[in-house]
Amino acid sequence: MAIVDLILRPGTADDAAECGRICYEAFAGIAGEHAFPPDFPSPDVGVAVIEGALTHPGFYSVVAELDGRIVGSNFLDERSAVVGVGPVTVDPGVQNAGVGRGLMRDVMRRADERGAPGIRLLQSGYHNRSFSLYVSLGFVHRATVACVQGPPIGRALPGYTVREATDADLGACNDVCRQVHGVDRGGEVADALKQGTARVVERAGRGTGYATDLAFFAHAVGETTPDLQALIAAAPRFAGPGILVPVSDSVLLRWCLSNGLKVVQLMSLMTIGLYNRPDGAYLPSILY
């Protein structure tokens, strides 16, 4: 039965502790039911992720309340033209009662109001309920991706140079992204430049790809699969649960496995609205 007294309101920084706790418990609970490791290793990490989204001007937030207590939250990454959903989390005590659907409808309304051409998200392949929810809301499955993790490869590929990105690289990074996806993710690249995590790969003296980081919450694009191999091979670590490799890029996934990385879980990339089949190589972030 759906909850009728649910209140949805904008999130604030003061919500971080409770929303972060729910985020951790919700993801840990569903992962534990299926014998998978949790996306967030501790409640503190869940709080940090939620606090970052609540306080970032490029994210829209919505908090669900029932009888005066917080029971869930959701976010919309608005840093680029195409928007990404998540994390959407619901208190385990009130799951399967319509809270998640309400939180999703709210961010979809927000995306529509701001004229976003497309909405995207990733969901864990083992979570059938969330997959069914997103399909019922109109999302289309576009790709299966493998979350892979392991020790850093720590080597350079002949003919490829990987270096730290600078502000002067922003335009070229956006060009590569538009070439591969049809849209750029300039807002995310700009954030990564400020944080010092962005890297570019050059081939024959020309920029052919970039990564905002090699991490769960980061993305990468390259003209070719070897461009991404060079970025991955040079990474000092793979932050969070791992990087997300499209299963359809069998050359890249096989290369990752042959270099000591292991599949943690499979995930689904799902979209509403604008979606162009990628013309090149890419790693999505957990948001898209």
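Q: Which hand does the crossing of α1 and α2 have?
A: Helices here are DSSP runs of H or I, at least four residues, and strands are runs of E, at least two, numbered from the N terminus. A crossing is left-handed if the near helix is turned anticlockwise from the far one by less than a right angle, and right-handed if clockwise. For α1 and α2 the crossing is right-handed.

The model is predicted: local features need pLDDT of at least 70, side-chain atom pairs count only at pLDDT 80 or more, and totals for chains, interfaces and linings use all residues. Residues are numbered from 1 along each chain as its sequence is written, and side-chain values use heavy atoms, without hydrogens and water.

Q: How are α1 and α2 set relative to each other, oblique or roughly parallel?
A: The axes of α1 (residues 16–33) and α2 (residues 43–55) come within 7 Å and cross at roughly 125°. Axes are lines fitted to C-alpha atoms, for helices over the stretch in contact, with angles from 0 to 180 degrees between N-to-C directions. Under 35 degrees counts as roughly parallel, over 145 as roughly antiparallel, 65 to 115 as roughly perpendicular and the rest as oblique. The α1 axis is therefore oblique to α2.

Q: Which residues of α2 meet α1?
A: Contact means heavy atoms within 4.5 Å. From α1 come Ala16, Ala17, Cys19, Gly20, Arg21, Cys23 and Tyr24. Their partners in α2 are Pro43, Gly46, Val47, Ile50, Glu51 and Leu54.

Q: How much space lies in the largest cavity?
A: A cavity is a set of points on a 1 Å grid over the protein atoms alone where a 1.4 Å probe fits but cannot get out; lining residues have an atom within 4 Å of a point. Points are joined across faces, edges and corners, and volume is the space filled by probe spheres set on them. The lining has 16 residues, with Arg120, His181, Arg185, Tyr282 and Tyr288 nearest the centre. The space is about 110 Å³.

Methods:
On a 1 Å grid over the protein atoms alone, a cavity is a set of points where a 1.4 Å probe fits but cannot get out, and a pocket is an open set with protein on both sides within 12 Å along at least five of seven lines; lining residues have an atom within 4 Å of a point.
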